[in-house]
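Thanks for sending this one over. Below are my notes, written as numbered points so that you can follow along with the viewer open.

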Amino acid sequence: METFGLLLDGIFTSLQWFNLGLLIFGCLVGLFVGAMPGLGSVNGVAILIPITFIVPPTAAIIFLAAVYYGAMYGGAISSVMLGIPGASTAVATVFDGRPLAQKGDAITALSAAAVGSFVGGTVSVILFTLFAPPLAEVALAFNAPETFALMVMAFATFVGLGGDDIPKTVFSILIGLLLSTIGLDLISGKPRLILFGMPGFLHGINFLVLAIGIYGIGEMLWTLESTKGKVQMAKMEVNMNEIGKAFKKLKSTLMAMSIGSFLGFFVGILPAAGATPASLMSYGITKQLSKNSKEFGTGVPAGVVAPECANNSASTGSMLPMLTLGIPGSPTTAILLGGMILWGLTPGPLLFTQEPEFVWGLIGSLYIANFFTLVLNIALIPAFLMVLRIPFAILAPVIFVLCVTGGYAPTQSLHDVWLMLIFGFVGYVLRKLDYPVAPAVLSIVLGPLAENALRQTLILSDGSMGIFFDFGEKPIAASIMYIALVFLLMPLAGPIKRKFFKAKSA
Amino acid sequence: MSNISSKFTVKIAEIVVAVLLAMCSIALMIKSAENRIDWTAETNMGAGFLPFYLSAGMLVCTLITIGKFILKKSPQSKDDNPFIQVGAERYIYLTVISLCFLVLATAYIGIYISLIFFLAFYLKFFSNKSNIFIGLFAYETPILTFLFFEWLLKIPLPQGYSEPLFYPVYDFMYSESSLVEKIIYIIIILFLPPALGLLSKRFIK
């Protein structure tokens with residue numbers, strides 16, 4: 001009951017005209033930043049932190065949290081409309097969002113992204129309100145072995161993301177992992193795979209370089225070839241009736257929403273995990289468990305809802321360890337944590353008792369920000385669809401400009417822009433030969449996290465891999481590992497079953 | 001060009017790419033072996049261990065793909081269609097070449113000047129828009145890119161030898177002029193040259 005009263009206070013705090021104005025402005029800025037390829041919530045929050053020094057801490061955190069939320073929603077816009085993930089959290093949204101838009105059903109894709117984000121955000125903020133302190137303790141039980149087991153589970157779901165050609169899917173996963181090892185070794189600090197002695201490889205390969213290359217340049221080459229430069233987009237009418245129809249299609253996505261919301265929140269609260277692994281895992285698991293798993297990748301609403309639900313849920317989840325323990329769950333919350341210290345607050349268990357207005361103002365604002373971002377997203381659908389009405393001959397060079405600037409901005413190195421071009425061309429060739437490219441992008445994102453966790457664990461266990469399967473020593477890690485094995489074997493079960501029945505009928 | 005492309009079928013591409021990937025995997029294994037690739041309880045994992053075995057895994061996958069090709073078990077091994085659709089080659093080649101020139105020119109004359117040439121070339125070749133439209137589009141896009149990255153986000157994009165051209169702009173950006181003055185400056189830069197261009201065209205007519 002006390003929690004409910006505090007929450008109401010928080011909601012009223014965030015509804016004060018000044019805070020509400022900042023919240024709506026933050027949502028709009030976040031939507032824009034999130035939609036720009038190469039920029040994400042981290043950039044938005046980092047750039048805007050200095051602005052918050054002129055307002056009280058509660059208003060500041062409400063504004064920055066709204067930017068964070070808006071960016072999570074915004075990432076889906078460029079994924080759907082341009083086929084370029086706005087941020088790593090929106091990589092999985094491209095898989096089905098872009099095909100839906102190409103089929104002339106961008107309204108469904110955008111509605112699925114907005115509703116999925118809203119449901120994920122709302123479920124997670126309810127979980128946050130009710131279970132913040134006990135969940136923080138669960139998060140602390142996740143150390144390197146558990147994190148590695150979780151990553152293995154993510155990779156196991158990726159096998160299901162590929163086509164029927166398992167060697168090509170595994171190749172794609174391995175090349176993504178290999179690219180993630182380029183740069184300085186985590187433990188010894190030795191340079192690894194510095195190809196042709198180029199110093200640009202010393203800082204590794206940013207996942208965005210691969211993602212923009214494959215989904216920006218590669219996708220455009222694919223479109224240019226298949227349409228010979230004469231892209232005809234289906235005519236779309238945008239009115240409440242059409243949006244209502246799109247909403248009706250989302251009835252079939254309840255499972256995706258549940259998986260995305262709960263898995264996203266849980267992965268989000270784990271330190272060093274965050275929204276990107278959450279959205280990728282959510283997509284993979286939803287696909288594996290769906291009755292129509294073969295249709296994923298061709299444009300199904302559940303393929304948009306699952307990652308969008310998870311990334312929003314995880315973004316709320318990642319605030320939990322930040323507020324309760326002072327441990328950031330994602331790069332963006334690390335910047336928010338820095339902001340809190342600059343505003344004179346001490347993140348940690350005492351924050352809830354010492355600064356209730358701040359904490360509950362933030363939690364209350366998450367409910368309000370969710371609602372406003374949903375309204376803004378739905379209201380702006382006609383504006384987003386205008387992008388598709390731009391003639392392809394004009395849209396194509398604009399996308400190329402966005403790719404080049406987006407590839408340059410994160411590391412400010414032309415070396416990365418060249419790599420992006422190479423990845424784009426190679427991705428186009430491989431895609432034409434039925435090599436699935438999505439697992440490579442997913443692996444380069446999760447590779448560094450997985451390697452870090454693996455090597456820390458091996459140092460702990462004196463080099464023994466048995467620690468991952470020992471229920472006595474690491475029950476959580478062992479349970480996740482065995483679940484991962486089931487996921488890994490699931491794609492093989494189909495062909496074996498088919499062969500068995502074929503032999504029986506023969 | 002079209003004749004060469006039609007001879008380069010999906011079947012040929014499948015085996016050529018698989019062999020190239022196998023060779024790359026071997027090269028990466030050799031490169032990884034420059035670091036320690038063993039793994040013992042005492043010394044733990046060498047820096048080259050993971051890259052070496054990941055490359056080895058890639059090699060195994062490509063060998064399976066080659067095996068499937070030889071046994072004609074993969075759909076690509078029986079596909080005699082051209083790898084790139086006939087008639088689409090020039091779009092692909094021109095796009096790839098123009099993008100390479102864009103990045104190459106960016107290193108020397110900077111991104112903003114390169115963008116003008118890239119956009120003008122691309123629109124001239126791929127669209128049927130008028131020269132005035134192409135000129136306006138090629139002029140305005142780099143300016144908007146500059147304003148967004150350099151002014152709003154404070155992320156400098158490469159300028160190469162054209163950097164001195166931007167010094168007066170930076171002086172004004174970071175001067176103590178009011179926001180209104182800065183906005184007027186942006187409007188003049190965005191709209192004055194196109195307006196002058198349009199006027200002079202009319203005058204010349």
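1. Asp165(A) comes out as buried, because its relative accessibility is 15% and the buried class covers values under 20%. This is a predicted model, so please read every value here as computed from predicted coordinates. The side chain of Asp165(A) meets that of Lys68(B) in a salt bridge, with 3.2 Å from N to O. Asp165(A) sits in the loop between α7 (144-159) and α8 (166-181) of chain A, while Lys68(B) belongs to helix α3 (residues 49-70) of chain B, so this pair joins two chains. Lys68(B) counts as partly exposed, at 24% relative accessibility.

2. Over all chains, a search of the whole structure finds twelve salt bridges.

3. Another salt bridge to look at runs between the side chains of Arg192(A) and Glu451(A), at 2.9 Å from N to O. Arg192(A) is in strand β2 (residues 191-192) of chain A and Glu451(A) is in helix α21 (residues 438-460) of chain A, so the contact ties together parts that are 259 residues apart in sequence. Are these two partners buried or exposed? Arg192(A) is buried, with a relative accessible area of 3%, and Glu451(A) is buried too, at 5% relative accessibility.

4. Asp105(A) and Lys249(A) also meet through their side chains in a salt bridge, at 2.8 Å from N to O. Asp105(A) lies in the loop between α5 (91-102) and α6 (106-140) of chain A and Lys249(A) lies in helix α10 of chain A, so distant parts of the chain, 144 residues apart, are linked. Lys249(A) is partly exposed, with a relative accessible area of 39%.

5. Asn239(A) lies in the loop between α9 (207-227) and α10 (240-249) of chain A. Its relative accessible area is 31%, so Asn239(A) is partly exposed. The C-alpha atoms of Asn239(A) and Pro382(A) are separated by 8.5 Å, although the two are 143 residues apart along the chain.

6. Now for the aromatic side chains. Over all chains the count comes to 29 aromatic pairs. In one of them, the ring centres of Phe32(A) and Phe148(B) are 5.6 Å apart and the planes are at 85°, so the pair is edge-to-face. This pair crosses between chains, from helix α2 (residues 17-35) of chain A to helix α6 (residues 131-152) of chain B. Phe32(A) is partly exposed at 45% relative accessibility, whereas Phe148(B) is buried at 13%.

7. Phe121(B) and Phe125(B) are arranged in another way: their ring centres are 6.3 Å apart and their planes are at 15°, so they are stacked. Both sit in helix α5 (residues 111-126) of chain B, and because they are four residues apart, about one helical turn separates them. Phe121(B) is partly exposed at 36% relative accessibility, and Phe125(B) is partly exposed at 33%. Both belong to one aromatic cluster, whose members also include Phe400(A), Tyr91(B) and Phe118(B).

8. Two charged side chains are placed over rings. Arg431(A) lies over the face of Trp222(A), at 3.9 Å from the ring centre. The charged end of Lys432(A) sits over the ring of Phe83(B), 5.0 Å from its centre.

9. Helix α19 (residues 392-408) of chain A has 17 residues and reaches 24 Å from its first C-alpha to its last, close to the 24 Å expected at 1.5 Å a residue. This helix is mostly covered, with 16 of its 17 residues buried.

10. Which residues touch the most other members of the largest nonpolar core? They are Met81(A), Met319(A), Leu323(A) and Phe358(A), in a core of 228 residues. Helix α4 (residues 57-81) of chain A gives the largest share of this core, 17 residues. Domain 1 (2-78) and domain 2 (89-204) of chain B both contribute residues, so the core lies between them. The C-alpha centres of these two domains of chain B are 42 Å apart.

How values were computed:
Residues are numbered from 1 along each chain as its sequence is written. Chains are lettered from A and ligands numbered from 1 in the order in which they are written. This is a predicted model: local features need pLDDT of at least 70, side-chain atom pairs count only at pLDDT 80 or more; totals for chains, interfaces and linings use all residues. Side-chain values use heavy atoms; hydrogens and water are left out. Domain bounds come from an automatic or database domain assignment. Rings of Phe, Tyr and Trp (its six-membered ring) pair if their centres lie within 6.5 Å; planes under 30 degrees apart count as stacked, over 60 as edge-to-face and the rest as tilted. Buried means under 20% relative accessible area, exposed over 50%, partly exposed in between (1.4 Å probe, protein chains only). A charge sits over a ring if NZ of Lys or CZ of Arg is within 6 Å of the ring centre and within 35 degrees of the ring normal. The expected span of a helix is 1.5 Å times one less than its number of residues. A nonpolar core is a set of buried Ala, Val, Leu, Ile, Met, Phe, Trp, Tyr and Cys residues joined through side-chain atoms within 4.5 Å. A salt bridge is a side-chain nitrogen of Lys or Arg within 4 Å of a carboxyl oxygen of Asp or Glu.
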